[in-house]
Amino acid sequence: MVRRNKHPALLVQWSMIGLLAFLLLLSGDTAWSEFRTWFEKEGTPGAPADVLATYTVKLKERGVPGPEAQARLQEIEAYGKQHPDEARALHFNRIFTWSEAPFSRQPSEFLKRVASTRKPGSALDIAMGQGRNSIWLAKNGWTVSGYDISAEGIRQAHDAAAAAGVKLDTALASHETYALGEAKWDLIVMCFAFTKLSDTAYMKTVREALRPGGVLLVEGFGGGKPMQRNMILSAFLDYRVLVYEELPDVSDWGKVKAPLLRMALEKP
Ligand SMILES: C[S@@+](CC[C@H](N)C(=O)[O-])C[C@H]1O[C@@H](n2cnc3c(N)ncnc32)[C@H](O)[C@@H]1O
């Protein structure tokens, strides 16, 4: 028996809407993938507005007419907003391959200062980047795990670990997908991993993930919103404060002189 659709006009209408949505999605993806190819090779990481301004010039050089370029930029912006982790990974992957990237590949002096005073155990390096801190810890007897959203960062960390003859347990993961575990770590490192400091739900999982006697080490820019009125510290008032300082210094990330927050807290 042949089933007839009672509303063929409606069916055609829905098919057209579906096709239009698909084409829009496809054009957004195409604009994004062209942008991504350009950024991976030639882009200068920076504020999104600056990156897009440079890309506009590029499109103009390629002969893309103004209105078409504007439409593409809007699609790229929309795609980036819909896929924030992909956009972040693209940004940091480029930083890690960019020869002029202003960040230090040497381990944090603050991390060295604090970790040297502790008995090595299990350490988690949150947003480990290219592994500068993980590798120092592993070389100094710690059993190190780390995660990051940047595949390039993780790749470089593996290469550096192999060159240094140490092992790292790494995961390509985001803050949202990595399971921190419970009472698992003797040291949790958050070096220039600011995005989550003001996320109270995430910081609660950090608290739970530390072993009693374990240390949370934070280093990053002070003075910003999450740092105001000791916001992070106030979530850890039951912890023993080993170090809490906010002093001007040259940052490992950005290489600028700025008030830097350095904090090491021991779980009771
Ligand atoms: C400023 S870098 C710091 C890297 C490293 N901790 C260091 O001190 O060298 C920030 C790192 O956070 C990672 N990142 C950004 N957003 C992330 C997310 N949502 N989940 C996991 N890692 C993320 C980046 O890929 C980058 O490696």
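**Close-up views of the predicted model**

View A. Phe92, Ala127, Gly129, Ser150 and Cys191 come nearest to the ligand, out of the 18 residues around it. Sorted by class, this shell holds eight nonpolar, six polar and four charged residues. The element that gives the most to the shell is helix H4, residues 84–97, which supplies three residues.

**View B. Strands E4 and E5 with helix H8.** Strand E4 covers residues 185–191 and strand E5 covers residues 210–221; the two pair in the parallel sense, over six bridges. Trp185 has Leu210 in E5 as its bridge partner. Together with helix H8, residues 200–209, strands E4 and E5 make a β-α-β unit, and this unit is right-handed.

**View C. Strands E5 and E7.** E5 also pairs with strand E7, residues 257–266. These two strands run antiparallel and are joined by seven bridges. For Glu219, the bridge partner in E7 is Arg262.

**View D. Packing of helices H6 and H7.** Two packed helices are described by the angle between their axes and the distance between the axes. Helix H6 spans residues 132–139 and helix H7 spans residues 151–164. Their axes are 10 Å apart, and the packing angle is about 25 degrees. Because angles under 35 degrees count as roughly parallel, H6 and H7 are roughly parallel to each other. The crossing in which H6 passes H7 is right-handed.

Key. Residues numbered from 1 in each chain as written. Predicted model: local features only at pLDDT ≥ 70, side-chain atom pairs only at ≥ 80, totals over all residues. Near = placed C-beta within 6 Å. Helix = DSSP H or I, 4+ residues; strand = E, 2+ residues; numbered from the N terminus. Nonpolar A, V, L, I, M, F, W, Y, C, P; charged D, E, K, R; others polar. Pairing = 2+ DSSP bridges. Right-handed = clockwise from strand over helix to strand, strands pointing away. Axes fitted to C-alpha atoms, helices over the stretch in contact; angles between N-to-C directions. Parallel < 35°, antiparallel > 145°, perpendicular 65-115°, else oblique. Left-handed = near helix turned anticlockwise from the far one by under 90°.
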